[in-house]
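Please read the following briefing alongside the sequence and the 3D view.

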Amino acid sequence: MTSPRKEGFLTEGQREALKLAASNADAILSSPRSPNKLVLPELYSKAGGGGSRSPTASGRRVRRSHSGKFVRVKKDGAGGKGTWGKLMDTDPGSRIDRNDPNYDSGEEPYELVGATISNPIDEYKKSVVTIIEEYFTTGDVALAATDLRDLGSAEYHHLFVKKLISMAMDRHDKEKEMASVLLSALYADLISSSEISRGFSMLLETVDDLALDIIDAVDVLALFIARAVVDDILPPAFLTKAKRTISEVSKGFQVIETVEKSYLSAPHHAELVERRWGGTIHITVEEVKKKITDLLREYIESGDTLEACRCIRELGVSFFHHEVVKRALTLAMEIPTSEPLILKLLKEAAEECLISSSQMIKGFSRLADSLDDLSLDIPTAKSLFQMIVPKAISDGWLDPSFLKSNDTDQDHNDNGDEKLRKYKEEASTIILEYFLSDDIPELIRSLEELAASEYNPVFIKKLVTLAMDRKNREKEMVSVLLSALAMELFSSDDIVNGFIMLLLSAEDTALDILDASNELGLFLARAVIDDVLAPLNLEEICKKLPHNSSGSETIRMARSLVSARHAGERLLRCWGGGTGWAVEDAKDKIIKLLEEYESGGDIGEACQCIRDIGMPFFNHEVVKKALVMAMEKKKNDRLLDLLQECFSEGLITIHQMTKGFSRVRDGLEDIALDIPNADEKFKAYVGHARKHGWLLTSF
């Protein structure tokens with residue numbers, strides 16, 4: 001039997017003691033206060049009958065090398081043979097000589113050099129201030145979004161929210177509205193809901209400091225929060241959570257109280273909050289024109305040029321200053337005694353660069369174009385205008401190029417094609433009637449009676465242009481109508497060419513419609529979401545527009561809107577007054593109403609439910625679902641009766657009916673997997689439909 005202890009090996013107890021001693025030695029050696037002598041237990045003495053000697057057996061000093069081995073060191077030696085000796089290492093008077101042949105730069109003492117440490121948060125804050133300042137100057141939402149995305153610091157976006165609101169709070173109403181619009185545009189796409197909530201939470205915590213510089217900070221911040229809730233970028237639950245974390249004696253608590261009691265609890269609070277900032281970018285053309293007329297009349301009464309210039313500046317519509325020029329000149333013609341004051345104001349505004357040279361020329365040009373109509377009310381209008389122009393040029397505030405451009409316009413006066421002119425008049429009448437009646441089938445019948453399909457793009461341009469200067473209800477109606485026209489009457493090329501015409505004339509449209517570029521961008525994006533345009537159509541349209549034109553910028557904005565997260569849901573509700581149904585929601589509602597009707601419901605109620613969905617361009621889905629459901633049932637007369645009633649009332653047009661039958665025909669192979677006799681039943685339904693005139697002859 002083997003002995004548990006052999007010559008030259010350690011026992012288990014000795015092994016454990018060795019490990020303990022080694023760990024203690026490491027601790028001692030690593031300490032700057034370690035003793036001069038390393039004393040180890042008698043573990044390195046002879047073990048068993050072995051003749052090996054411990055490193056400390058001779059009583060000499062040992063040290064551990066970098067490799068972990070113990071090496072002997074002479075007790076008071078000078079480093080051993082071949083070394084410079086101990087004196088060179090320890091003599092306090094010794095120094096390194098750079099001229100020594102054996103000089104080694106590695107022996108120089110280390111010198112620590114301080115370096116500036118950049119804080120990424122500070123860099124981010126500096127960058128967003130620049131972005132916000134530029135946005136307040138240009139109003140370009142797409143550019144601001146691109147710049148923020150390029151920063152690539154999504155974890156700091158709550159700081160952007162805080163900085164944007166705090167900078168806007170100390171500015172005019174125009175910037176406040178712009179800040180709210182930008183937050184809505186960036187929501188979900190670039191800035192998450194949690195980051196927006198966090199940003200507003202920080203604002204509530206710092207409102208006491210903001211109030212030192214902004215007198216009405218509590219009310220302004222309350223309005224920003226109410227607007228964020230109305231715009232669906234801040235959940236109402238935020239108010240409850242914020243109350244729990246804020247002291248009741250702080251101004252932040254006052255802000256929450258103001259939001260709840262003064263803004264969100266008021267009747268029609270959404271509309272009130274959206275229109276609270278009078279200088280908003282959503283202000284209508286009529287409102288701006290009225291403001292301009294009012295300030296000009298006040299100026300005539302007071303004669304205070306500085307005050308008038310201040311009022312013009314506060315309008316915040318520098319791109320619409322041509323209207324100031326036009327109305328000022330018209331007023332000078334209506335009230336001859338006011339002419340010196342009006343000319344003085346225009347001269348002062350031009351010299352201060354308040355009204356640019358191009359805006360001045362546009363104002364004069366627009367008045368020149370309307371002189372014939374103006375002469376009906378002011379017989380001397382033309383002669384007065386001809387007297388004012390030389391004065392303005394001689395005084396230096398109207399560029400002489402106006403005369404050349406005006407002559408050119410007169411030479412190329414558009415007599416127009418009589419047929420096109422008549423079509424535009426009739427199209428305008430049809431569109432205005434549609435805005436009153438909301439009757440899509442009637443509009444389609446009117447267009448078919450015109451029998452001028454070559455002018456379909458012109459109709460698209462006129463339709464959208466008329467809607468842009470109206471309320472959200474009309475804009476929603478136009479988006480719905482475009483979907484219906486794309487399904488039933490207009491080709492894809494008609495739609496594309498119509499939008500091209502709109503974008504080519506975008507700069508002219510902007511003369512009368514303040515937010516024309518943004519409105520067109522929304523119409524384009526909505527058309528893509530509604531399948532009126534394919535995403536590739538945006539590329540096709542962009543190629544036909546001049547590079548760096550206003551139209552190209554609008555296309556870029558539309559692309560950005562379409563590519564944003566939750567774009568479908570947001571764009572379906574972009575006009576506020578629409579149904580906002582997502583496609584899947586509409587399909588679910590159609591199935592439920594058909595099932596309810598099929599199980600014994602009232603036919604009038606079913607028709608009303610179809611009408612309430614508010615998506616007439618999607619009624620082909622009603623036809624498809626009804627036919628498939630009829631195939632599944634043994635008794636299908638009720639569903640066919642419903643289709644007959646819808647057709648008789650004009651609720652489902654012949655185009656939508658044909659489209660629905662076509663979709664069932666295209667999917668018959670898949671339907672037959674669940675309904676073996678689907679093909680036979682469908683043929684019977686087609687015969688029934690043709691007998692009752694539901695289908696186009698082309699089916």
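S166 lies in helix α5, which spans residues 157-169; helices here are DSSP runs of H or I with at least four residues, strands are runs of E with at least two, and both are numbered from the N terminus. The model is a predicted one, in which local features need pLDDT of at least 70 and side-chain atom pairs count only at pLDDT 80 or more, while totals for chains, interfaces and linings use all residues. Residues are numbered from 1 along each chain as its sequence is written, and side-chain values use heavy atoms, with hydrogens and water left out.

**Surroundings of S166**

- S166 counts as buried because its relative accessibility is 17%, where buried means under 20% relative accessible area, exposed means over 50%, and partly exposed lies in between (1.4 Å probe, protein chains only).
- The side chain of S166 reaches the backbone oxygen of K162 at 2.9 Å, and the backbone oxygen of K163 is reached by that side chain at 3.0 Å.
- When neighbours within four places in sequence are left aside, S166 is in contact with L203, L210 and I214, contact being defined as heavy atoms within 4.5 Å.

**Helices α7 and α10**

- The axes of helix α7 (residues 193-213) and helix α10 (residues 251-263) come within 7 Å and cross at roughly 105°; axes are lines fitted to C-alpha atoms, for helices over the stretch in contact, and angles run from 0 to 180 degrees between N-to-C directions.
- On the α7 side the contact is made by L204, V207, D208 and A211, and on the α10 side by K251, G252, V255 and I256.

**Cysteines**

- A search of the whole structure finds zero disulfides, a disulfide being a pair of cysteine sulfur atoms within 2.5 Å.
- The sulfur of C311 has its closest cysteine sulfur in C309, at 9.3 Å, which is too far for a bond.
- For C609, the closest cysteine sulfur is that of C607, at 9.3 Å, again too far for a bond, and C609 counts as partly exposed at 26% relative accessibility.

**The chain as a whole**

- The secondary structure of the protein chain comes to 36 helices and two strands, and 41% of its 699 residues count as buried.
- Among contacts in the protein chain with a separation of 6 or more, 73% are accounted for by residues 24 or more positions apart.

Conventions:
Polar contact = N/O pair within 3.5 Å; in protein donor to acceptor, adjacent residues only side chain to side chain.
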